[in-house]
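Work through the exercises below with the sequence and the 3D structure in view. Try each task before reading its solution.

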Amino acid sequence: MDNGRDSLQLRRSGRPRNTNASEDRAIIRTATSDPTTSLESIRRHLPPSRHPMVSRETIRRRLADAGISSRRPLRRLPLTPHHRQCRLYFCRPRARWSVTDWRRVIFSDESRFSLNADDQRIRVWRRSGHQSDPTFVAERHTAITPGVTVWGAICWDTRSPLVVLQRTLTARSYVDEILTPVVLPVLSSRPGDIYQQDNARPHCTTLPTMSSRI
């Protein structure tokens, strides 16, 4: 190097850091202790005198340096103690079932598919004052979004046809359009098989319960 100076002794160029090591630790600690907190809330945990110096982008960079980034949370069903008890009640007696035992189980379920393409996350680029311009307006449904409910069942060596319902599944439609025309004929041709369904309300009312015993 010129004048015999080592490159490590040269003063670094560029913008200096707006946070020190203690503030970096505070940012990471706040984010990890409350994963749903916002960038603004994290900044409020810093000393008030530092707020003008530390932007939200600075906080985002400090978290990224620590391997922390904003992500969508994993979604799961909120299980109550009763739900957990029922699941254990079902699983424990079957924990040692063999493949032969599971071959006799017919699993069924239904799912509703939305026919609305709007995921409620659409954004537009526009100038200020053009909010009401039809070019930048997205229509939304004022009632339940259109969709279909699809039911199906599978077992070891076969599967049922898919049943498409153009309306919400009810106890009556479950009996008239699923149990009677599809499930009962299958069970009559497979003596000893077990029909497995979840505890959705249309499955558990008196009408489907009585029909499944026919």
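**Exercise 1.** In this predicted model, find the strands that helix H6 lies across, and state the angle at which H6 runs to S3.

*Solution.* Start with the helix: H6 covers residues 171-189. Next, look at the strands it lies across, which are S1, strand S2 (147-154), S3 and S4. Finally, compare the directions of H6 and S3: the helix runs at about 175 degrees to this strand.

**Exercise 2.** Give the order of the strands in the open sheet, and name the edge strands.

*Solution.* The sheet has four strands, and reading across it gives S3-S2-S1-S4. Now check the two ends of that order. Strand S3 (163-165) and strand S4 (194-196) each pair on one side only, and they are the edge strands. On average, neighbouring strands are turned by 20 degrees against each other, with direction ignored.

**Exercise 3.** In which sense, parallel or antiparallel, does S1 pair with S4, and in which sense with S2?

*Solution.* Take S4 as the partner. Strand S1 spans residues 105-114 and pairs with S4 in the parallel sense, over three bridges. Two positions can be located on the model: Val105 stands opposite Ile194 in S4, and Phe107 stands opposite Gln196 in S4.

Then turn to S2. Here the pairing with S1 is antiparallel and has eight bridges. To place the two strands, find Ser114, which stands opposite Gly147 in S2. With both senses present, the pairing in the sheet is mixed.

**Exercise 4.** Describe the largest pocket: what is its volume, and which element supplies the largest share of its lining?

*Solution.* The volume is about 830 Å³. The lining consists of 20 residues, and those nearest the centre are Arg87, Gln196, Gln197, Asp198 and Asn199. Helix H4 (81-91), S1 and S4 each give at least two residues to this lining. H4 supplies the largest share, six residues. Sorted by class, the lining has ten nonpolar, six polar and four charged residues.

Methods
Residues are numbered from 1 along each chain as its sequence is written. This is a predicted model: local features need pLDDT of at least 70, side-chain atom pairs count only at pLDDT 80 or more; totals for chains, interfaces and linings use all residues. Side-chain values use heavy atoms; hydrogens and water are left out. Two strands pair if DSSP finds at least two bridges between them. Axes are lines fitted to C-alpha atoms, for helices over the stretch in contact, and angles run from 0 to 180 degrees between N-to-C directions. Contact means heavy atoms within 4.5 Å. On a 1 Å grid over the protein atoms alone, a cavity is a set of points where a 1.4 Å probe fits but cannot get out, and a pocket is an open set with protein on both sides within 12 Å along at least five of seven lines; lining residues have an atom within 4 Å of a point. Grid points are joined across faces, edges and corners, and a volume is the space filled by probe spheres set on the points. Ala, Val, Leu, Ile, Met, Phe, Trp, Tyr, Cys and Pro count as nonpolar, Asp, Glu, Lys and Arg as charged, and the others, Gly among them, as polar.
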